Amino acid sequence: IVKWSDFCSPLAYKPGEPFKLIAEASVDNFSSLGIAFLEDRLQMDNGMVPHRIVSVHLEESALKELAQEAPSVKEKTAAMDVVTPAGKSGLGRDEEEKSKLEEEKEETGAGEHHQLHLSSCHECLQLENSTIESVKFASAENIPELPDDCSSRAGEKEDECLQKGVKRINLAGKPPNILVYLGSEAAKDRFEQVKSVLRECVDAESYTIYQLQQEQVLRDPWVDNSLLLVIATEEPIPEGSHKQFLTFLSRGGKILGFSSSFTFGGVQIKHKNKLRKAVQELVVSKKDSPEVKLNLLVSGCVFEEGMKGDGSRVKVWSRLNNADKDPVIVHVTHGSSGGEAILSQAHLELDSSSVDVQTEEDFNLLKTSNSKRYEVLKDILTCLGLSCESSEIPVLTPIYLLSPDEEIHLAFLKWLEGNVDAEGLRASSKVSLKFVSSCESRVEVTPSLMPVITEMGSFSSQHFSLKTYQQHLQTKKLGKILLFTEVTTTTMNLLDG
């Protein structure tokens, strides 16, 4: 959670509903506040949640007057707590329309939720001098509203506007972030290996996968902003990190352990050196369906039989098909908020190409079990509340060069002549742009080569209206040249260089 007072200095406030605050912040700090706001992590010190943030320009004379009028910080905090106890309901739509957005930065207590009005017409009109707002306006029909759990009339009204077909892929209510913790291992290829396996299983369009560095565990506010933590290191977990992982579970988080030393709730690990880096047959017991047998590399550890503590919280998912029937995958619940972990001492993330595979026989065993490995992994991820439905990847589309001003469009095309090669190509390290006059050129769209159609006459899109964009764009220069495409891999590579 980011506290507003960490990034800005309060100048003035207006009590009542909505409670309004004017504060001063550097550009960097304002950016930090904005990011925290968008990620639902921004709060006032008394727990209130901001409803809207707007940047304003205050003249020097106004700042001086405010400084003279300002009470001490102590008085101010006390006054704020009196006027605006945490958890007041959000403001109604009529009041919102009356407030002057250009002049004030508004904050209102809205319990634990606030609504981001991404496609609300009133707000776009009030901020129409911004290029970004005009982009939103021109594609407003296709921007889904975020669900709102507040029981206010405004919330009910917004719910009716929810775009049909938006999948709810996150029942825990947490942002759909998956974090991968590798301890102090800095090996980028290890992260890519785990990330690649997860992307094969979960709906790639619905989740974002990040690495959680060891130094970030205690420092960054990831606990409330992640759905799943994958622990993929055999290193001992530092005490502080272990405590933080349990905090994550107690708040409804989910953990998946890939041959990790992380345990809790009476679960204990026993070392069996003869099993280390060996390929073993596992038997996975599935509820209401036949058991599955598959071969996997194991870590050399198994879970102790007869776990201590509350036995109802620990269930064995899989055992080795050996004389001891050693448990290698267990499911453990924690707390009363739905926190749970599935811990595996079998390398579900490794396939036959792993460097640990010693013999041709092991290679063949792993290869034949590969589809079952994915099947088991998908079952585990589904059990942890993730969506493993595969969504069809849309086909890449060409880019259109658009401008609401014909003169500027022609001037830009003239500039392009001296900035592309004879083939109309502008090369870059990640994505090269091939400028063509019309879509008849039939240049194939690939992740590394994108055709840019310069003729505007052939452009049409159900997701974007150039005419609406033009009507709402109030800038002199910014936003006059647009690159528009419906499907692309990543805009970061597209604009690199």
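## Close-up views

**View 1. T233 sits in the loop between β8 (228–231) and α9 (239–250).** Element names follow DSSP runs, numbered from the N terminus: helices are H or I runs of at least four residues, and strands are E runs of at least two. This is a predicted model, in which local features need pLDDT of at least 70 and side-chain atom pairs count only at pLDDT 80 or more, while totals for chains, interfaces and linings use all residues. Residues are numbered from 1 along each chain as its sequence is written, and side-chain values use heavy atoms, with hydrogens and water left out. T233 has a relative accessibility of 1%, so it counts as buried (buried is under 20% relative accessible area, exposed is over 50%, and partly exposed is in between, with a 1.4 Å probe and protein chains only). Look next at the side chain of T233: one of its polar atoms lies 3.1 Å from the backbone nitrogen of E235. Such a polar contact is a pair of N or O atoms within 3.5 Å; within protein, one must be able to donate a hydrogen and the other to accept it, and residues adjacent in sequence count only if both atoms are side-chain atoms.

**View 2. D40 has a positive phi although it is not a glycine.** The angle at D40 is about 65°. This residue belongs to the loop between α1 (27–38) and β4 (42–43). Is D40 buried or partly exposed? With a relative accessible area of 40%, D40 is partly exposed.

**View 3. K325 is a residue other than glycine with a positive phi.** Here the value is near 50°, and K325 lies in the loop between β14 (314–320) and β15 (327–334). Its relative accessible area of 41% makes K325 partly exposed.

**View 4. R190 and E349 form a salt bridge.** The structure holds 9 salt bridges, each a side-chain nitrogen of Lys or Arg within 4 Å of a carboxyl oxygen of Asp or Glu. For R190 and E349, the N to O distance is 3.0 Å. R190 belongs to helix α8 (residues 188–201) and E349 to the loop between β16 (339–344) and α10 (360–368), so this pair ties together parts 159 residues apart in sequence. Both R190 and E349 are buried.

**View 5. R276 and E234 meet through their side chains in a salt bridge.** The N to O distance is 3.3 Å. This pair links distant parts of the chain, 42 residues apart: R276 is in the loop between β10 (269–271) and β11 (279–284), and E234 is in the loop between β8 and α9. R276 is partly exposed, at 42% relative accessibility, and E234 is partly exposed too, with a relative accessible area of 39%.

**View 6. E340 and K254 form a salt bridge.** Their closest N and O atoms are 2.8 Å apart. E340 is in strand β16 and K254 in strand β9 (residues 254–258), so the pair ties together parts that are 86 residues apart in sequence. E340 is buried, with a relative accessible area of 11%, and K254 is buried, with a relative accessible area of 11%.

**View 7. Nine strands make an open sheet with mixed pairing.** Their order is β7-β6-β8-β9-β16-β15-β14-β11-β12, where two strands pair if DSSP finds at least two bridges between them. Which strands form the edges? They are β7 (208–212) and β12 (292–297), each pairing on one side only. On average, neighbouring strands are turned by 20° against each other, direction ignored. Zooming in, β14 and β15 run antiparallel and are joined by 5 bridges, with S318 standing opposite I329 in β15. Helix α11 (residues 370–383) packs on the sheet, touching β8, β9, β11, β12, β14, β15 and β16, and its direction makes about 100° with that of β12. Contact means heavy atoms within 4.5 Å; axes are lines fitted to C-alpha atoms, for helices over the stretch in contact, and angles run from 0 to 180 degrees between N-to-C directions.

**View 8. The largest nonpolar core has 39 residues.** A nonpolar core is a set of buried Ala, Val, Leu, Ile, Met, Phe, Trp, Tyr and Cys residues joined through side-chain atoms within 4.5 Å. The residues with the most contacts inside this core are I178, V230, L256, L282, I380 and L381. Helix α8 gives the most to it, with 5 residues. Leaving aside neighbours within four places in sequence, I380 is in contact with L256, W317, I329, I342 and L348. Apart from this core lies another of 22 residues, among them L179, V223, L229 and I255.
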